[in-house]
Structures are given as C-alpha cells and as structure tokens.
Amino acid sequence: MPLWLNRIAPLILAATLLGGCVGTPKGTQPVTGFELDRYLGKWYEIARLDHSFERGLDCVTADYSLRDDGGVRVINRGVNLEIGEEDEAEGRAYFVRDESVAHLKVSFFGPFYGGYNVLVLDDEYRWALVSGPTREYLWILARQPELDPAVYRELVKDAERMAFPVAELIEVTQGDACNDRR
C-alpha cells in the first residue's frame, strides 16, 4: 500500500463516520471576493497543525490546477527528511456554493470530502491561512518557501483570534534540505 494511503486512511475513516464534513469551523468565515484563477499554482506549507496524513513530512507543497470537470486538481507533495521518502497525494476540490467564496470541499479518496476554507488571504495572493472543517486542521501557506516573520506572526494572531490551538503549530522545513527535491 502506498505511504500516502496509509497516512490518509484515518482521514477516510473519519470522513465516513462524519458523513463528509465540508463545513467551516464555528465562528469563522471563508474569504469572499475569492478569485480561483489567482489562487491556482504552487503553495508552500509554512506551518500546520499535526494530523496523521502529513505526520513527519517537510518540504510540503500543494499545487492547484483546473480540472476538465470545472473542479480543482490538488497535488500535495512532501518528504520525510529522516528516511528520505517522498509522499504524494492527488485530490480534487469543488466549491461548496458560490465560487467567489473560498469554501471548497476536497477529496483525496473516493466520495469522501472534507472542508477546505481560506480564512485569511493576502490581497496579492502571496500567503493564506487555511482550515479544514474543524479547528483540528489549520495550514499557513505561502507562494515562496519562506514567509516574512512579521506576516507569520500576524497569521498566527489571526488564527488565535479564531480560537485555533496555535501553540500546537508545527513549522515545516522548507529550506536547503528541500532544494534537491523540488
């Protein structure tokens, strides 16, 4: 069984039990005025909350492109630097309602979907704060492998104001150790 499937199996089980939770964390609002064309392309994971399907991975990127069916193709890649093993998962995402609202549902396995919510987004689409359907899932993404420390601190403050457990954020290695793998 591929490594990525082992990592995502608990998520599949959770999605089955929850019936495909595609909501937003209570009290949060996805970005409005969202422009998918500007969001497409490569994003680097700067920080995340821990979860089984990314545990131990660094050099994590997400590539978003259009699908023929109008959805979004999602390619997530990462490397376990301790053992040198690369991991990749391909998924698909679709808007839940209005395409100008950054609230999508994403699936990496079969008919099971989870929420993907852009909660904070730079006007120039250089960085984003993204959550899943609950406060257990949070990512800080950027267009470059490094994010200005002041911007990072502001995004953490934004997440804290939204009651995410920011003390549990894991900063993802994106430096020299990743250059040969991109």
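Strand β7 spans residues 127-131 and is mostly covered, five of its five residues being buried. The model is predicted, so that local features need pLDDT of at least 70 and side-chain atom pairs count only at pLDDT 80 or more, whereas totals for chains, interfaces and linings use all residues. Residues are numbered from 1 along each chain as its sequence is written, and side-chain values use heavy atoms, with hydrogens and water left out.

Strand β6 (residues 112-121) runs antiparallel to β7 and is joined to β7 by four bridges; two strands pair if DSSP finds at least two bridges between them. Val130 in β7 is the bridge partner of Val118. Five residues lie between the strands in the hairpin of β6 and β7, where Tyr125 takes a positive phi near 60°. On β8 (residues 138-142), five bridges form with β7, again in an antiparallel arrangement. Val130 stands opposite Trp139 of β8, and a hairpin of six residues links β7 to β8.

The chain contains four helices and nine strands, taken as DSSP runs (H or I, at least four residues, for helices; E, at least two, for strands) and numbered from the N terminus. Their order from the N terminus is α-α-β-β-β-β-β-β-β-β-α-β-α. Of the 182 residues in the chain, 48% are buried.

Key: Buried means under 20% relative accessible area, exposed over 50%, partly exposed in between (1.4 Å probe, protein chains only).
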